[in-house]
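Colleague: I would like to learn how to read a model like this one. Can we take it feature by feature?

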Amino acid sequence: MKMKSVFDAPEIKSEFESAGINPNFMIPIWKYVIQNPDCVWDEIPSLPTAAYTLLHSKFKTFTSSLHSLFHSSDGTTSKLLIKLQNGAFVEAVIMRYDTRLGMCGGKPRPGGVRSTLCISSQVGCKMGCTFCATGSMGFKSNLTSGEIVEQLVHASRLADIRNIVFMGMGEPLNNYNAVVESVRAMLKQPFQLSPKRITISTVGVVHAINKLHNDLPGISLAVSLHAPVQEIRCQIMPAARAFPLQKLMDALQTFQKNSQQKIFIEYIMLDGVNDQEENAHQLGELLKTFQVVINLIPFNPIGSTSQFKTSTKQSVSSFQKILRETYNIRTTVRKEMGQDISGACGQLVVNQPDNKRPAEPLRDIEDLHL
């Protein structure tokens, strides 16, 4: 029988309630397992007798394990290769930033090094974006909410995780229920993450966007837009055919009206495809009525046979200037991290690069003064 993760909150809550056990015992169990990862159930103190029997028969402390760990040469990024109990692998990435490198109100921010965890929601991905390594894997399976939360537990042993971004392997909104339940678990003790520090990224699954604010109020939304018109989106993102641009914009407008939050727009810069000045004006016109932050992302090669090239720095700079000066849209250029361990945006596909040595932290995009 396949054992369930103790971090799968809906499963343990359901089993406990069926057995007449108070589901609030879940929190001390999580705390103990996090602090004692090699523990056995009988070591956890002060549980009802029936709880020990149930845990032994149906749950594991961990259904995944940290198989390999890789560090980028600049020390800002660590990639975790995590093995699931079915033998499949997923990747998660820790990105380290220094808040003191940013500005707030014209003054340096206080604080120090903080870490963001880029988390996976699926093994592979069915969306098939042509510039993304994960898409080349195809879709293998959804992760359970417990397997998603376990990525945070594994990463927390390596860094004090402050932010979570669902930008790893998979389309989070195609695994909607598990992603929602995993976020709800992260908001509880012992994790107690703030909803404003959790971002869910999507290529634009419209029907799920329409539910997201009600299910997870306060969570940030990032949209992998990557093109300002439907024709180009369909060329580089096959899934865009199922989610026409106008319907996506309508869903984002409703989300923003209900949440009163900025929306992050992810835009990968592909030389000669979507990086021309005309495209910048099209993007500006598309988004000028929204409150957004646009992240321009330099394309990360996914092999020598890639059909795309990275936009020139001049093209990226001109693109950014148009969005900022003509349309007054807050626009950043993402500082890529972890390219040498295939841990940068669009590079997540199960492999095992060489280990590297640590160095200095970078500034987080949230800390830039724009």
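Modeller: Start with one residue. Leaving aside neighbours within four places in sequence, Tyr327 is in contact with Ala280, His281, Gly284, Glu285, Lys288 and Ile322. Contact means heavy atoms within 4.5 Å. This is a predicted model, where local features need pLDDT of at least 70, side-chain atom pairs count only at pLDDT 80 or more, and totals for chains, interfaces and linings use all residues. Residues are numbered from 1 along each chain as its sequence is written, and side-chain values use heavy atoms, with hydrogens and water left out.

Colleague: Where is Tyr327 found, and is it buried or exposed?

Modeller: Tyr327 is in the loop between H10 and strand S16 (330–333). Helices (H or I, at least four residues) and strands (E, at least two) are DSSP runs, numbered from the N terminus. Buried means under 20% relative accessible area, exposed over 50%, and partly exposed in between (1.4 Å probe, protein chains only). Tyr327 has 14% relative accessibility, so it counts as buried. Now compare sequence with space. Tyr327 and Gly284 are 43 residues apart in sequence, but 5.8 Å apart from C-alpha to C-alpha.

Colleague: What about the whole protein chain?

Modeller: The protein chain has 10 helices and 16 strands. Of its 370 residues, 53% are buried. Take contacts between residues at least 6 apart in sequence: 67% of them join residues at least 24 apart.

Colleague: Which residues does Ile161 touch, not counting those up to four places away in sequence?

Modeller: Ile161 touches Ile94, Ser115, Leu117, Leu152, Ala155, Ser156 and Leu193. Ile161 belongs to strand S11 (residues 161–166). With a relative accessible area of 8%, Ile161 is buried. Met95 lies 66 residues from Ile161 in sequence and 9.4 Å from it in space, C-alpha to C-alpha.

Colleague: How do I read the sides of a helix?

Modeller: First the general idea. An α-helix has 3.6 residues a turn, so residues three or four places apart point the same way. Now the case here. In helix H2 (residues 26–35), the buried residues are Met26, Ile27, Ile29, Trp30 and Val33. They cover an arc of only 160° around the axis, so they lie on the same side of H2. The arc is that of the directions from the helix axis to the C-beta atoms.

Colleague: Which helices do the buried residues of H2 pack against?

Modeller: They pack against helix H1 (9–18), helix H3 (49–58) and helix H5 (176–187).

Colleague: How do I describe a pair of packed helices?

Modeller: Two packed helices are described by the angle between their axes and the distance between the axes. Axes are lines fitted to C-alpha atoms, for helices over the stretch in contact, and angles run from 0 to 180 degrees between N-to-C directions. Take H5 and helix H6 (residues 206–215). They pack at about 20°, with axes 12 Å apart. That makes H5 roughly parallel to H6. Angles under 35 degrees count as roughly parallel, over 145 as roughly antiparallel, 65 to 115 as roughly perpendicular and the rest as oblique.

Colleague: Which residues of H5 and H6 make the contact?

Modeller: Tyr176, Val180 and Arg184 of H5 and Ala208, Lys211, Leu212 and Asp215 of H6. By class, this contact has 4 nonpolar, no polar and 3 charged residues. Ala, Val, Leu, Ile, Met, Phe, Trp, Tyr, Cys and Pro count as nonpolar, Asp, Glu, Lys and Arg as charged, and the others, Gly among them, as polar.

Colleague: At what angle do H1 and H3 pack?

Modeller: H1 and H3 pack at about 135°, with their axes 11 Å apart. That makes H1 oblique to H3. Ile12, Glu15 and Phe16 in H1 meet Ala51, Leu54, Leu55 and Lys58 in H3. The classes are 5 nonpolar, no polar and 2 charged residues.

Colleague: What should I look for in the backbone?

Modeller: Look for exceptions. Most residues other than glycine have a negative phi, and most peptide bonds are trans. Ser46 has a positive phi, near 65°. Ser46 sits in the loop between H2 and H3, and it is exposed, with a relative accessible area of 67%. His226 also has a positive phi, of about 65°. His226 lies in the loop between strand S13 (220–224) and helix H7 (230–236). His226 is buried, with a relative accessible area of 5%.

Colleague: Which residues does a cis peptide bond join?

Modeller: Gln189 and Pro190, with omega about 5°. Pro190 is found in the loop between H5 and strand S12 (198–202).
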